[in-house]
Amino acid sequence: MPSVVKINVLTVPAEQRETLEKRFASRAHAVEGSDGFEWFELLRPVEGTDTYLVYTRWRDEESFQAWMEGPMKSAHQGGATEGERPKPAASGSTLWSFEVVQQAGPKG
């Protein structure tokens, strides 16, 4: 069964980039222990766009959904009441889903 890739496409205004990256850094390793998790990357735009990509790869859709309903939901709620939550750094978010049909790594 092929792995699944989830790419969260975040629109981040220039003045919020540092905030977004700090928030991800403070949550570093929050996903690594999740069953079925295979890979994570936060991709910063280099030119011509204000879009960050959050790339994760999972063993299967069920593993991703279990993470979304458990650890991810808890991390984003943070136990705070609505009035205490920090303003999101991203002004928009879209989730793309893919199945891995081919992959390759370096030879050797």
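Predicted model: local features only at pLDDT ≥ 70, side-chain atom pairs only at ≥ 80, totals over all residues.
Read from the N terminus, the elements follow the order β-α-β-β-α-β. Of the 108 residues in the chain, 26% are buried. Among contacts with a separation of 6 or more, 71% are between residues 24 or more positions apart. The accessible surface amounts to about 7,600 Å², and carbon and sulfur atoms account for 54% of that area.

Beyond its neighbours within four places in sequence, Ser3 touches Glu38, Arg57, Trp58, Arg59, Phe98, Glu99 and Val100. Several of these residues return below.

Glu38 also takes part in a salt bridge with Arg57, at 2.9 Å from N to O. Because Glu38 belongs to strand S2 and Arg57 to strand S3, this pair ties together parts of the chain that are 19 residues apart in sequence. Glu38 is partly exposed, at 30% relative accessibility, and Arg57 is likewise classed as partly exposed, at 22%.

The structure contains six salt bridges in total. Another of them joins the side chains of Asp35 and Arg59, with an N to O distance of 2.7 Å. This pair links distant parts of the chain: Asp35 sits in the loop between helix H1 (17–26) and strand S2 (37–43), while Arg59 sits in the loop between strand S3 (51–58) and H2, 24 residues apart. Asp35 is exposed, with a relative accessible area of 58%, whereas Arg59 is partly exposed at 37%. Arg59 forms a further salt bridge with Asp60, where the closest N and O atoms are 3.6 Å apart. Asp60 is buried, its relative accessible area being 12%.

A pair of aromatic rings is described by the distance of the centres and the angle of the planes. Five aromatic pairs are present in the structure. One of them, Trp58 with Phe64, is edge-to-face, with 5.9 Å between the centres and 70 degrees between the planes. Trp58, which is also among the contacts of Ser3, is buried with a relative accessible area of 0%. Phe64 is buried as well, at 3% relative accessibility.

Phe64 forms another aromatic pair with Trp67; this one is tilted, at 6.2 Å centre to centre and 45 degrees between the planes. The two residues are separated by about one helical turn, because they lie three residues apart in helix H2 (residues 61–77). Both Phe64 and Trp67 are buried. Together with Phe37, the residues Trp58, Phe64 and Trp67 form one aromatic cluster.

A ring also meets a charge elsewhere in the chain. The charged end of Arg27 sits over the ring of Phe24, 5.4 Å from the ring centre.

Methods. Residues numbered from 1 in each chain as written. Heavy atoms only, no water. Phe/Tyr/Trp six-rings, centres within 6.5 Å; stacked < 30°, edge-to-face > 60°. Buried < 20%, exposed > 50% of the residue type's maximum accessible area, 1.4 Å probe, protein only. Helix = DSSP H or I, 4+ residues; strand = E, 2+ residues; numbered from the N terminus. Lys NZ or Arg CZ within 6 Å of the ring centre and 35° of its normal. Contact = heavy atoms within 4.5 Å. Areas by Shrake-Rupley, 256 points an atom, 1.4 Å probe, with all protein chains shown as cover. Salt bridge = Lys/Arg side-chain N within 4 Å of Asp/Glu carboxyl O.
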